[in-house]
Amino acid sequence: PADTRASFTNISSDPVASNVNHAHSNVINSSSPSLNFLPKASPLLASTPTTVSKALIRAYPYLVLTDKLLSILTWTNDNYFINLSILFSIISLVLYFEFIITYFGHILAVLLLFLYFYIIQQININNLSSNNLNSNPNNIVNLLTSVSIKSEILLSPITSLKLSTYDLKRLLFTTVFLSPIYIIVSFFFIKPKVLILLLLTHLLTYHSIQYKIIRRILWKSKTFKLISFYLTGLNFNKISSNSRLNNFLKLNNNNNTGISNNSTNSGNRSFFSSNDQSAIDDPFAKSSIDNYGKPIRFTYVLYENQRRWLGIGWTSNLLSYERAPWTDEFLNESLPPDDFKLPETLSNNDNLNNMIWKWVDKNWKLDLTNDGALTIPKGHKSKLVVDPRNDDGYIFYDNTWKKPSSEDSYSKYTRRRRWVRTAELI
């Protein structure tokens, strides 16, 4: 059965669990502090200072209890009866909370006291057993490793998301925006007690093999992914850099244009997002140098997107299912201009070794014409400005980013403008 559980851990493919399956399979068969995957004894432990050894020995009984608790929460223990017993006990407590407190509240308080003394007794027993480890603290170090690995497994649903500050702000904004829906659902359809029950069940069974299989099946559904995106505002399936690069190359091939030395040429525009830290493909770069014999130039393009909120005005806080505040031509999310970085040195092409990207323009410039859609305002000699006004260069749209207009009106709720900056490969 243990081998079966270990093999099942590798079939989960949801975006969170897949990052920890390897570590999970390593610890699933362990039931004692001495795990078979832990490192071998190090000679350095023989020279461990006395104060450190004493501190480790005193912490040993608490580490044993912590390791057992983490084994239950991460479902890496051998006896699943304990996990199910705790789960059903919590479910019963939530469902019949008022009844239990009313009739058995005094007994429950005594049971909690018994539980406390049982934990203290286990600590004392483990403390006595740890006295034999004075000459060999390796088991304690192994136990610390086990606790750290299981802690990573427990926190993996959060840490594996790798949320940025913007993602957290967007999640908070989406949650606040959906508050009326939550109130309606909790008031008319699902009681708060049921919501708490579902949340606790999700947390306590998240790392179980059965729940991983369920998540794997659900994650194959596009509808489930779409609902997750609308509820959280987080894109779990971001387009890879290669697909964006292929879109760029396809666009240039359709236009039958190479890379010219004129940075304002439409065929010379670069739509790489800030996440693209790889340069252009070798054949593309090679042909560009052969045909022109001059430095390769790209005009990087970023679009600034905003939405108007009643009582607030224009802000960069957009709806969860919308584009990001900063995007490229293909609406792929990008970092703002201040954080935008050029690709690293090209080293995978012999003809481009020791060549680096360098900015030609000192600053990002706003395109007042928004790629030719607007006329240059009076008083401006050039269509590119470094320090524009707050409302310069915008094209206004309705609530669904349709019906573009050069003028703002009461029916316009979204807008965007175009920033450019040229770089060359030298």
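Which residues does the UniProt annotation "domain: Peroxin/Ferlin" cover? I looked this up first: the unreviewed entry gives residues 295-367 and 393-426. UniProt positions are given in the numbering used here, feature names are shortened, and annotations may be inferred rather than shown by experiment.

**Entry: ground rules**

I noted that this is a predicted model, where local features need pLDDT of at least 70 and side-chain atom pairs count only at pLDDT 80 or more, while totals for chains, interfaces and linings use all residues. Residues are numbered from 1 along each chain as its sequence is written, and side-chain values use heavy atoms, with hydrogens and water left out.

**Entry: helix 3**

I took helices (H or I, at least four residues) and strands (E, at least two) as DSSP runs, numbered from the N terminus. Helix 3 covers residues 50-73, which is 24 residues. The expected span of a helix is 1.5 Å times one less than its number of residues. For helix 3 that gives 34 Å, and the end C-alpha atoms are 34 Å apart, so the two agree.

I then checked for a bend, meaning the angle between axes fitted to the seven residues ending at a residue and the seven starting there. Helix 3 bends by about 45° at Y60, and the proline P61 follows within four residues. Next I listed buried residues (under 20% relative accessible area; exposed is over 50%, partly exposed in between; 1.4 Å probe, protein chains only). In helix 3 they include L56, Y60, P61, L63, V64 and D67. An α-helix has 3.6 residues a turn, so residues three or four places apart point the same way. After helix 3 comes W75, with a positive phi near 60°.

**Entry: a nonpolar patch**

I looked for patches, made of residues with over 30% relative accessible area and no salt bridge, with like charges joined within 9 Å and nonpolar side chains (Val, Leu, Ile, Met, Phe, Trp, Tyr) within 5 Å. One nonpolar patch on the surface holds L95, Y96, F99, Y103, F104, I107 and L111, with about 720 Å² of accessible area together. Areas come from the Shrake-Rupley method with a 1.4 Å probe, and for residues only the protein chains shown count as cover. Helix 5 (residues 97-129) gives the most to this patch, five residues. L95 sits in helix 4 (residues 80-95) and is partly exposed at 35%.

**Entry: salt bridges**

Side chains of opposite charge can pair when their charged atoms come close. I counted a salt bridge where a side-chain nitrogen of Lys or Arg is within 4 Å of a carboxyl oxygen of Asp or Glu. The count is eight.

R307 pairs with E322, the closest N and O atoms being 2.5 Å apart. R307 is in strand 2 (residues 296-309) and E322 in the loop between strand 3 (313-315) and strand 4 (326-327), so the pair ties together parts 15 residues apart in sequence. R307 is buried at 4%, and E322 is buried at 10%.

R308 meets D408 at 3.0 Å, N to O. R308 is in strand 2 and D408 in the loop between strand 8 (395-397) and strand 9 (414-425), so this pair ties together parts 100 residues apart in sequence. D408 is partly exposed at 38%.

D367 pairs with R418 at 2.7 Å between the closest N and O atoms. D367 is in strand 6 (residues 365-367) and R418 in strand 9, 51 residues apart. Both residues are buried.

**Entry: positive phi**

N370 has a positive phi near 50°, and D371 has one near 60°. N370 is in the loop between strand 6 and strand 7 (384-385), and the place of D371 is in the loop between strand 6 and strand 7. Is each buried or partly exposed? N370 is buried at 4%, whereas D371 is partly exposed at 36%.
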